[in-house]
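Hi,

Here's the structure I said I'd pass on to you. Have a look at it first, then read my notes below.

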Amino acid sequence: MSKHVVILGAGYAGLRALHELQKEDQEIKITLIDQNDYHFEATAIHEVAAGIQTSERITYPIEDVVKKSCTTFIQATVEKVDSSKQVVCLKDREEVSYDYLIVALGYESESFGIKGVEEFSLKMVDIPTSEKVYQHLVQQMENYKETKDENNLKIVVCGAGFTGIELLGSLVEGKKKLADIAGVSPDKIQLYCVEAVTRLLPMFSEKLGDYGIRHLKDWGVKFLLGKPIKEIKQDTVVYLDNQETNELAELKAKTIIWTTGVSGSHVVGDSGFSEKRGRVMVKADLTDSEHNNVYIIGDCSAVMDKETNRPYPTTAQIALKMGAHAGKNIKAQIKGQSTTEFSFRSQGSVASIGNSHAFGVVGKKEIKGYPASVIKKVILDRSLLETGGVKEMLAKGRFDFYH
Ligand code: NAD
């Protein structure tokens, strides 16, 4: 009898696993479950938030990559996994049983319990929240025409991690369009970034990180570094201004975007897996420590980097690799073979600052400027190829560097 593999989540990890499993000629029945009927390029949502890209450009229908002969797609919200009964509980639908399970439910915004974050700041984690950021920005520009209140033109990005920096780059690029709506010159749109630490982007050398920050500063972004945010109030970011005296200060703005880090899906904790901030320390073959038929991959998973003795950072690159590996291991298990250990060597990472600038590391080489932005587009195209195949890459890929 054919085995039933259930994949939760159609992000980078889930779709890459699907691709691997659908290649198999032996009989495997697959069910893919996601709350949306589309896949989105999570590494490009900041462009939608800043209004420089439409959501259509960074999404494609999940049905496009489903091989109907072996896979069923269910659009539903996963509530929890009951691993003792080997079933997945869905909202308003019947539960689904599995022989093998892949949990690839991705990330959520992390507030770290800071007061007011949920009520008074905007998240940017998926398509609806990114579209909401842009709609909010447009509304503020419209409001400015009535109020002439400069706070309508102020945007604060909270946190200068990879996400915050890439968002700031896109906002610099989107300023002109926003300024046109408000009827002001682009330099009137004020961009701020409030960040807890002073050494930014620890995955890059200090010199390379400084390159990116310097560019953003030259383009008018004001950085408040070493200023941990303590509270968000209505139209106000409250931060620690002086660590010695504990003095607080406030920054007023009508747009406050929260990008201080992420945790894995809450479903992981709700299902009783042993987790920390939604991430499960999986075994070397990517299975849960207590269930060798449950794979936990992507942003819900923590895999130890033996070199640094810390878990690898969550990136699209590692999620894709984990997806492929989990798919291969399940195929081996079904054939009665043993699983293999996951190994990962980062090929580097590149942060975009707008459409034609970027900086980062490829292999061991540091790259920056326009050439880096070309590499960034090639990386995006490759991830589209790995999850969506040639069709999606040709339809949604970035080829604007060929002139
Ligand atoms: P992050 O954890 O990398 O960065 C968050 C930043 O917010 C940090 O600089 C942190 O010091 C700051 N911060 C935290 N709490 C704060 C507070 N109270 N006040 C002020 N600042 C505060 O988070 P991220 O940028 O959302 O990225 C999440 C993960 O996704 C990371 O592993 C990142 O590398 C990855 N990512 C990768 C890419 C890519 O490869 N293209 C793009 C985006 C994100």
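Helix 4 (residues 127–147) and helix 5 (residues 162–182) have axes that come within 8 Å and cross at roughly 40 degrees. Helices here are DSSP runs of H or I, at least four residues, numbered from the N terminus, and axes are lines fitted to C-alpha atoms over the stretch in contact, with angles from 0 to 180 degrees between N-to-C directions. That makes helix 4 and helix 5 oblique to each other (under 35 degrees is roughly parallel, over 145 roughly antiparallel, 65 to 115 roughly perpendicular, and the rest oblique). Where they touch (heavy atoms within 4.5 Å), residues of helix 4 including Y134, L137 and M141 meet a set in helix 5 that includes L171, L178 and I181.

Bear in mind that this is a predicted model: local features need pLDDT of at least 70 and side-chain atom pairs pLDDT 80 or more, while totals for chains, interfaces and linings use all residues. Residues are numbered from 1 along each chain as its sequence is written, and side-chain values use heavy atoms, leaving out hydrogens and water.

C158 is buried, at 0% relative accessible area (buried is under 20%, exposed over 50%, partly exposed in between, with a 1.4 Å probe and protein chains only).

Cheers

Key
Helix = DSSP H or I, 4+ residues; strand = E, 2+ residues; numbered from the N terminus.
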